[in-house]
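Have the viewer open and follow along.

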Amino acid sequence: MLAGLGLLASPLLHAQDKTIVMASTTSTDQSGLFGHLLPAFKAATGIEVRVVALGTGQALDTARRGDADVVFVHDQAAEEKFVAEGFGLKRLAVMYNDFVVIGPKADPAGVRGSDVTAALTKIAAAGAPFISRGDKSGTHAAELRYWMAARIDLGAARPKGHQECGCGMGPALNIASSSNAYLLADRGTWLNFRNRGELAVLVEGDKRLFNQYGVMVVNPAKHPHVKVALARQFADWVVSSAGQASIAAYRIGGEQLFFPNAGQ
Amino acid sequence: MKRDEPVLAGPAPRLLTLKNAGVRFGEVQALEGVDLTLRRGDRLALVGANGAGKTTLLRLLHGLVAGSGRTAHAVDGRPLVAAMLFQRPFLLHLSVRMNVLLALWLRRVPKAERAARCARALQRVGLGALAERPARTLSGGQQQRLALARAWALQPDILFLDEPTASLDPSARREVENLIEQLAADGVTLVFSTHNLGQAKRLASRVAYLEAGRMLTDLPCDLFFDTRQPPSAAAAFLAGELPWA
Amino acid sequence: MGGGFADSLRAAWALVTGFDARLAEIVGLSLGVSASACALAAGFGMAAGAWLAVARFPGHRAVVAALNTLLALPSVVVGLVVYLLLSRSGPLGAFGILFTTRAMVVAQTILVLPVVAALTRQLIADAWRGNGEQLRSMGAGVVASAALLLLHERLALVTVVLTAFGRAISEVGAVMIVGGNIDGVTRVMTTAIALETSKGDLPLALALGLLLLAVVGLINLLVAALQGNGGGAGARKALA
C-alpha cells in the first residue's frame, strides 16, 4: 500500500523538467512532422514536447479535461468552439496541408482530376466502394463538408458502396487497399503509408482540399496546473519565422507536405 | 496440589472428558453418545472397522471438529497442550529443522527455547544428522519420526495419533513404535487409532472399540484381548481380525 | 500472404541483430513496466489469494466468483477507468502521472492483480484442502496458514507470476490509453505494433510481434532452467 502511494507521489518530488504535453492528431503525428519540428523546438528552448496522438475530437476532449497543455489540430470550427467555451486561449493559424482523393489506379469511376465535388459525385453515381473514417476526426469533418458541397445527403441517400470504419487514417487506408476502394486522405499519412496495393492519388490540387492547422494553449483559468508559460513558448515559436521555416523544410521524398501560413 | 497426592492413591488427574458426546456432519451422525474420560498416563487405543468413527473421535478429542459434550481440563493451572500425528504427515518444502522450528513458532514457544528444544527433539528421534535435509526427501519412516520430533518438541500433555504406522514398512513401523513408547514413558498421554491389533496389544493400556459412530466397549488392554472372558461387544470384530480368537 | 510472413521473419531477425537503440528502449520499457506491475500485483495478489483460500466468512463464495470474473477484465476497460481516475479532471489528477510510465504500471497492476489472486487462491485452496487439518492441528490460524502454504507452494507460484507477466506484457488497451504512446516516453512494444499496423507497415508490425514473443519466450526458458536445477537436485536426493 505504501509502495503504491510512493509510486504515485514521487513525481511531485522531482524538480520540474521542462516538458509539456501536446494533444494532436494521429494524421499529423504519422506524417512525421513532429519528428522534425520538435527537436528543433527543443534545441531552441530546451523544452521537450510530449505528443499524445488521438483523433481531433478526442484531442480536444483530452485538453478539455486538462490532460494536455497545448492542442494542435486541424478543424477550425471545432477549435473556435473550444476557445469560445473558454478551454483555450487564442487560436493561432499555423500551416495547411492538403487532402487527396485516393483510389484504385484503374479508376473505374473515372474521377481523376482536380475537382473534389465532381469526383464524389461520380463515385456516388457509380456506386463505387468508398471508405469513410467516421471517427469525429478533422479528416472526417472535411469529408462530410465535401459530400455536402456535392449536394449528396449521406443520411437520406447514402451512396451504395459508402462504408464507415470508425477508425484512424492508417487503418482506413489498409481497408481501402485490400478492397480497392476510394477514400479521402491527408497527404502526409499517404506518403508514409506502405501497404498501398493498387491505390494511387487521383484527385489533388483543388483549393477546397486545403486543410488548415491551428494551435491553442489550454486556458489556465479552467485548469490551473497547465504549464502556461512553456505552452505559450511553443505556440509563439511555431508561428515565428524560425518555426515556420522548420515546417516548410519538412519533406517526404523531396515533396513539401505542410505550407506555413501563420498570421494570414 | 500434586505434592499432597500419595503416589499410589487415587486415579490420575483427568485431562479430557466426553459426556454423551456427538459429532454431526450435515446429515450424517458420525459419532453419538460417547462417554470417555482420559486421564494422564493413559495409553488408549481406538479400534474398529473403517468408517466406525475412530478418526472423528480423535479429531473431537483434539478439538479439530465441532461437537457436543467435550470438556478439556486445565493442567497445573495452565491450558492443555495437545499435538496430533497423522498417517501421512504434512511437511513443508523446507529443511527438517525448519519444520520443527515452525511448529514451535506456531505454538508460541519463547524464542530463546526454540533452537534447544528443536535440537533435542531431533536427537531423540535419531534425525539429528539430517537436520538440514529437505524434509520431503526423507523416507516414509523418517518423515513420521520427524512428525514425532515436531510433536515432542512441544512437550505436549496428550499426543493423538491417527493410524501412525499404517503406511510404513515393518522395520520403520518398529522404529516409530519404539519412539511412541519412549514418549509415553516420558509421561505423554497417548490416544491412537490403529488397524493393527498387535500394535494395540503392544502399546495400549486401554482399548476402546467403535462401531457405526458408537463406542461399544472400553476396557483395559489385557481384558479386551482376553479370549477366556464372556464375549464382549467387540467379539465379532476380534474374531474377524485375530486368527486365533 | 506467405511472402509477407517471410518478410516479417527476415525483418524480425534484422531488428534483433541490428540492435537499434530506439528499439532497445521500447523493449526495455515494456519489460520494465510489466515487471514492475507484476511485482506489485504479486505482493498484494498472493497475500489476498492465499488469505481467501484459507479464510471462511459469509459471502465467501460470492467473493471468489467475483474474483474469477475479474479474470476477464478487458484491458481497454481498465485503461479507461484508470484514465478517468488519473485525468486532471479526475479524483487522482493532482498526482499528475497520466501519460507517464507510472500510470502504465498502475493500470497493468490493476489488470493482472485478479490474475495473480485468482490463480493463487486456486493453488492454495487445493493445498489447504489436503493439509488444512494438519495445519490447524499445529495451531496455525488463517494468516499463518496462508503464509506457510505460500512458502510451501513457492515453486508453483512462479508459474502464476509468469502467467501474469505474459498477460501484462502482451496487453495494449490499457497502456495505450493511460500512456498515450508518446514516442520515447511511453511507447512500448504493443503500442508500437499497434502504431505500425495503423501506418500500414505490416511487416514491421509483425516483426515487432515476433520479437515480443521471443523476449517472453527467453524469460520463460530462463525460469524453467532455474526451476529445473532446483527440482533435479531434489529428485536426486530422494532417490539416494
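## Where C meets A

Put together, chain C and chain A bury about 2300 Å², 62% of it on carbon and sulfur atoms. Buried area here is the accessible area, taken with a 1.4 Å probe, that two parts lose on being put together, summed over both. The size of an interface is often given as the accessible area lost when the parts come together. On the chain C side, C:R88, C:F95 and C:R102 lose the most area to chain A, together 24% of what that side buries. Counting contacts (heavy atoms within 4.5 Å), chain C brings 26 residues and chain A brings 30 residues.

How many salt bridges does the rule find across the interface of chain C and chain A? It finds one, where a salt bridge is a side-chain nitrogen of Lys or Arg within 4 Å of a carboxyl oxygen of Asp or Glu. The side chains of A:R194 and C:D201 meet in a salt bridge, 2.8 Å from N to O. There are also nine residue pairs in polar contact across the interface of chain C and chain A, both residues at pLDDT 80 or more. A polar contact is a pair of N or O atoms within 3.5 Å; within protein, one must be able to donate a hydrogen and the other to accept it, and residues adjacent in sequence count only if both atoms are side-chain atoms. On the side of chain C that touches chain A, the elements giving two or more residues are α2 (21-54), α5 (101-137) and α9 (189-198) of chain C. The residues of that side split into 14 nonpolar, seven polar and five charged.

## Where C meets B

Chain C also touches chain B: 18 residues of chain C are in contact with 21 residues of chain B. Chain C and chain B bury about 1800 Å² between them, with 62% of it on carbon and sulfur atoms. In chain C, the residues that lose the most area to chain B are C:Q134, C:M138 and C:H152, together 36% of what that side buries.

The rule finds one salt bridge across the interface of chain C and chain B. The side chains of B:R59 and C:E133 meet in a salt bridge at 2.3 Å, N to O. Between chain C and chain B the polar-contact count is eight residue pairs, both residues at pLDDT 80 or more. On the side of chain C that touches chain B, α5, α6 (142-152) and α10 (202-239) of chain C each supply at least two residues, and the largest share, six residues, comes from α5(C). That side divides into eight nonpolar, six polar and four charged residues.

Stepping back, chains A and C share the most contacts of the two pairs of chains in contact. Chain A and chain B do not touch, and their nearest C-alpha atoms are 27 Å apart.

## Chain C by itself

Chain C has 10 helices and zero strands, where helices (H or I, at least four residues) and strands (E, at least two) are DSSP runs, numbered from the N terminus. The C-alpha trace of chain C spans about 65 × 55 × 30 Å along its principal axes. Of the 240 residues in chain C, 45% are buried. Buried means under 20% relative accessible area, exposed over 50%, and partly exposed in between (1.4 Å probe, protein chains only).

Is α9(C) mostly covered or mostly open? Mostly covered: eight of its 10 residues are buried, among them C:M189, C:I193 and C:L195. After α9(C) comes C:G200, whose phi is positive, near 90°.

## Aromatic rings

Over all chains the count comes to 13 aromatic pairs. Rings of Phe, Tyr and Trp (its six-membered ring) pair if their centres lie within 6.5 Å; planes under 30 degrees apart count as stacked, over 60 as edge-to-face and the rest as tilted. A:Y96 and A:F259 form a stacked pair, 5.4 Å centre to centre with 25° between the planes. A:Y96 lies in strand β4 (residues 88-104) of chain A and A:F259 in strand β12 (residues 259-260) of chain A, so this pair ties together parts 163 residues apart in sequence. A:Y96 is partly exposed at 22% relative accessible area, and A:F259 is partly exposed at 29% relative accessibility.

## Reading the numbers

Residues are numbered from 1 along each chain as its sequence is written, while chains are lettered from A and ligands numbered from 1 in the order in which they are written. In this predicted model local features need pLDDT of at least 70, side-chain atom pairs count only at pLDDT 80 or more, and totals for chains, interfaces and linings use all residues; side-chain values use heavy atoms, with hydrogens and water left out.

Note on methods
Ala, Val, Leu, Ile, Met, Phe, Trp, Tyr, Cys and Pro count as nonpolar, Asp, Glu, Lys and Arg as charged, and the others, Gly among them, as polar.
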